[in-house]
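Me: I'm new to this one. Could you walk me through how to read its features, a few at a time?

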Amino acid sequence: MYILQKTMRETMPQTPIFSSMLGSSCSGQVQPDMGERSGGDLVFQDGNLISGSLEALIEHLVPTVDYYPDRTYIFTFLLSSRIFIPPYDLLAKVGQICTKQKQQLEAETEKAKLKSFTAKIIQLLKEWTEAFPYDFQDEKVMKELKEITHKITQCDEENGTVKTTITQMTQNLILSLTTRNQFQEIREKFRQPVTDKGTILKSKPQAAQKDILSVCCDPLILAQQLTHIELCRGDVTKTYTLEAYDNWFNCLSMLVATEICRVVKKKQRTRMVEFFIDVARECFNIGNFNSMMAIISGMNLSPVARLKKTWSKVKTAKFDVLEHHMDPSSNFCNYRTALQGAAQRSQTANSSREKIVIPVFNLFIKDIYFLHKIHTNRLPNGQINFKKFWEISRQIHDFLTWKQVECPFEKDKKIQSYLLTAPIYSEEALFVASFESEGPENHMEKDSWKTLRTTLLNRA
């Protein structure tokens, strides 16, 4: 069985081209179907691996003398494998297969083949530790990794090249884990609390209050700095945590609402609204859909949306266009069309500016969740539905590829400092500021205003 699977792995096509596996649509759905041909415990369709048993997929992951798995398969399998097997157990099985192959090669006294096999195993472990370092934060997994690498180093006692490579890989892994842990500690320690500022709006002269326009009055420059933050967020730690992205989106939305609601004079408040509309439009032109959506969301929050006198003075034609692009009907089909256009532009781009694609992160997560929930992990015959995981992997791979684009815009420390550290109002404070800018229009709003103001004063 082992020889049959090994021969099949060496002759069958290894990896699907992501874009050709599934037709593109606004929904991004994929309909799994049964394979046209099979070999061993792996099933292929149109040259693409679409299903297989867990054991066969693990075998498919491990290199041989004449075979090395495609990087897209490595990424996809390691990404999805944790659903079926913990990282420790997977690494242990990989180690067992490696030991078996190593013993066979040693029995054949084929030193050249043994060195070739050793180099491929190291490459596999290197890709694993770089792509999914969190798999190795468990002491048991690290211990298993050391045992595998120790056995491998015995194959290169003459010049020590393998040992040097493994040492470097291990050091990089430890550095990555240490940096990530420090990043988490810093975020917990310095996370900025939402600030209740509604009670002091009338106590400070308007001129004394610093706002975004006093820091940057050019919509294009601010859009570029927002893009710089989006692209560089996580670069120091190479950490792409869901919480970090979600927090950034929410903070930007609340900052936009704060900047608008805190302005006392209607004329200046109208200018602030129009400024953010222009910033959102520049974000769209750049390909920064996440910041664009965050800005629109901030302007659609109730404390801002209720400012009817302000909105009556705003030239809303540009805002209407932006809302059209982010229309949620038909599963955000307008946005998905624009995103697809930006992605195509990025693929053929000659400059970093044209390569920028920053999708709406909340919708990206929604799509991944949808794919995961609507399609089964296993087919009726018990095999793993690998076609599902190809699509999930493709979307995550695209996102990580877009994140790796080098930001072409020079960092402005002053502007970014304001965007990242300026106080933002809580939802309660936003309503108080909104009511102070434009008084309550009915009894319900008046009661809410009095209650909120009393609450904030008591807290102070």
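This is a predicted model: local features need pLDDT of at least 70, side-chain atom pairs count only at pLDDT 80 or more; totals for chains, interfaces and linings use all residues.

Me: How far does helix H20 reach from its first C-alpha to its last?

Reply: The idea is to set the reach beside what 1.5 Å a residue would give. H20, residues 386-403, reaches 25 Å, close to the 26 Å expected.

Me: Next, pairs of helices. At what angle do the axes of H10 and H21 cross?

Reply: For a pair, look at the distance between the axes, then the angle. The axes of H10 (residues 219-232) and H21 (residues 413-421) come within 10 Å and cross at roughly 65°. Angles of 65 to 115 degrees count as roughly perpendicular, and H10 and H21 are therefore roughly perpendicular to each other. H10 passes H21 in a right-handed crossing.

Me: Which residues in H10 and H21 meet?

Reply: From H10 you have Ile-221, Leu-222, Gln-225, Leu-226, His-228 and Ile-229, and they meet Ile-415, Gln-416, Leu-419 and Leu-420 in H21. Sorted by type, the residues of this contact between H10 and H21 are seven nonpolar, three polar and no charged.

Me: And how do the axes of H4 and H6 cross?

Reply: The axes of H4 (residues 71-81) and H6 (residues 111-131) come within 11 Å, crossing at roughly 50°. That angle makes H4 oblique to H6. The crossing of H4 and H6 is right-handed. On the H4 side, the contact is made by Arg-71, Ile-74, Phe-75 and Leu-78, and on the H6 side by Leu-124, Glu-127, Trp-128 and Ala-131. The contact of H4 with H6 divides into six nonpolar residues, no polar ones and two charged.

Me: Is Asp-46 buried or exposed?

Reply: Exposed counts as over 50% relative accessible area. Asp-46 has 60% relative accessibility, so it counts as exposed.

Me: Where does Phe-332 lie, and is Phe-332 buried or exposed?

Reply: Phe-332 lies in helix H17, residues 329-347. Its phi is near 55°, again a positive value in a residue other than glycine. Buried means under 20% relative accessible area, so at 13% relative accessibility Phe-332 counts as buried.

Note on methods
Residues are numbered from 1 along each chain as its sequence is written. Side-chain values use heavy atoms; hydrogens and water are left out. Buried means under 20% relative accessible area, exposed over 50%, partly exposed in between (1.4 Å probe, protein chains only). Helices (H or I, at least four residues) and strands (E, at least two) are DSSP runs, numbered from the N terminus. The expected span of a helix is 1.5 Å times one less than its number of residues. Axes are lines fitted to C-alpha atoms, for helices over the stretch in contact, and angles run from 0 to 180 degrees between N-to-C directions. Angles under 35 degrees count as roughly parallel, over 145 as roughly antiparallel, 65 to 115 as roughly perpendicular and the rest as oblique. A crossing is left-handed if the near helix is turned anticlockwise from the far one by less than a right angle, and right-handed if clockwise. Contact means heavy atoms within 4.5 Å. Ala, Val, Leu, Ile, Met, Phe, Trp, Tyr, Cys and Pro count as nonpolar, Asp, Glu, Lys and Arg as charged, and the others, Gly among them, as polar.
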